[in-house]
Amino acid sequence: MNQTLLRRSLLRALGAAPAIGMAQAQTPDYPNRPLRVVVPYAPGGGVDVTARLVSQPMAADLRQQLVIDNRTGANTAIGAEYVARARPDGYTIFVSGSTTFVLLPLLSQRLAYRPTDFAPVAQLTKVAMAAAVNDSVQGTLPEIIARIRQAPADFIYGHTGMGSSGHLMGERLFMTYGLRIPSAVYRGFSATAVDMMAGRIPMTFESVPAMMPFHREGKVRIVAVSSPERLPDLPDVPTFLELGFPGMAFWAWFGMVAPAGTPAPVIQRLARSVAAATADPEYRRAIEATGQQVATSSPEEFGRLIEADTAQWRAVVEPLHISLD
């Protein structure tokens with residue numbers, strides 16, 4: 001074979017090589033030391049449990065230890081800022097939820113980070129949200145709303161903080177009818193549930209896993225869920241969508257990001273490791289036991305999810321002038 005034909009054959013071979021192989025060639029030794037997984041919540045919470053669960057199969061896939069670093073405070077902003085300022089080399093990654101990546105940046109201009117400070121890696125899980133009432137409140141959600149419209153000043157709902165998913169869910173539902181309903185703020189859902197069961201507040205909005213134990217015991221009643229279809233564990237509970245509230249159809253989620261500027265081949269390697277974890281039956285069972293559902297995505301898909309959710313919640317935050325500043 002002459003030199004011209006040899007050169008053409010080599011070029012064809014290189015052109016046909018998978019992009020993933022080229023990416024690996026650019027970072028042949030990644031990772032060569034343990035990775036830090038920053039979690040902006042205390043140990044034992046939902047995000048922390050999810051991060052620890054996914055880190056186990058990822059460690060096996062990457063052949064490096066993943067060390068959980070709980071950096072709490074300021075409603076996840078402290079951990080987020082730490083990662084945003086970290087060296088973008090793939091050895092510091094961040095696991096958090098839509099509150100960090102979507103809600104807080106909409107609610108405050110004083111944050112020391114912005115969504116553009118992160119490079120999406122992959123969505124990890126998704127969870128439905130729900131509306132629940134105490135057991136003295138009768139009727140379907142539309143019937144309850146109809147009664148609220150007759151005397152809105154007599155109604156109150158509980159949530160776990162200004163700008164929380166539960167707070168914005170309530171505002172989103174009531175703004176459909178031009179209502180501004182007073183709310184009570186609690187330190188956590190356990191405190192909310194106590195007042196719900198005592199009849200001091202009639203309604204709240206929270207994740208399905210948090211509400212499920214109380215619902216099963218008959219202490220509160222879930223009247224609608226945010227998933228597009230009914231949940232297998234709640235077959236008798238309608239979705240907001242089928243009740244005529246299309247704007248309330250959404251998932252809350254947890255996901256993984258890295259600092260902006262992390263090389264694309266490193267991001268892709270991390271994303272492949274997440275995908276390998278989600279294929280592990282033991283991991284899937286463990287996630288489902290927490291009440292979440294496994295959700296997989298490419299970095300590009302996860303980035304589009306963040307953008308779509310940001311637009312969705314901006315339509316609630318801006319007209320109502322909700323701010324944490």
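Student: What order do the strands of the open sheet have?
Tutor: This is a predicted model, in which local features need pLDDT of at least 70, side-chain atom pairs count only at pLDDT 80 or more, and totals for chains, interfaces and linings use all residues. Residues are numbered from 1 along each chain as its sequence is written, and side-chain values use heavy atoms, leaving out hydrogens and water. Strands (E, at least two residues) and helices (H or I, at least four) are DSSP runs numbered from the N terminus. The open sheet has 5 strands with mixed pairing, where a pair needs at least two DSSP bridges, and its order is β7-β6-β8-β5-β9.

Student: Which strands stand at the edges?
Tutor: An edge strand here has a single partner strand, so one side of it is left without a neighbour in the sheet. That describes β7 (183–185) and β9 (220–225).

Student: Which residue of β8 is the bridge partner of A131?
Tutor: Strands β5 (residues 129–134) and β8 (residues 203–207) run antiparallel to each other, paired over 5 bridges. Within β8, A131 has as its bridge partner F205.

Student: What angle does helix α8 make with β8?
Tutor: Helix α8 (residues 189–197) packs on the sheet and touches β5, β6 (157–159), β8 and β9, contact being heavy atoms within 4.5 Å. Angles run from 0 to 180 degrees between N-to-C directions of lines fitted to C-alpha atoms, for helices over the stretch in contact. For α8 and β8 the angle is about 150°.

Student: Which element gives the most to the lining of the largest pocket?
Tutor: A pocket is an open set of points on a 1 Å grid over the protein atoms alone, where a 1.4 Å probe fits, with protein on both sides within 12 Å along at least five of seven lines; lining residues have an atom within 4 Å of a point. The largest pocket is lined by 32 residues, with Y41, V47, E206, S207 and F254 among those nearest its centre. Elements giving two or more residues include α3 (46–62), β8 and α9. With 4 residues, the one giving the most is α3.

Student: Which element gives the most to the lining of the second largest pocket?
Tutor: This pocket is lined by 18 residues, and V208, M212, D233, G291 and Q292 lie nearest its centre. β4 (118–127), α9 and α11 (281–289) each supply at least two of the lining residues. The most, 5 residues, come from α9.
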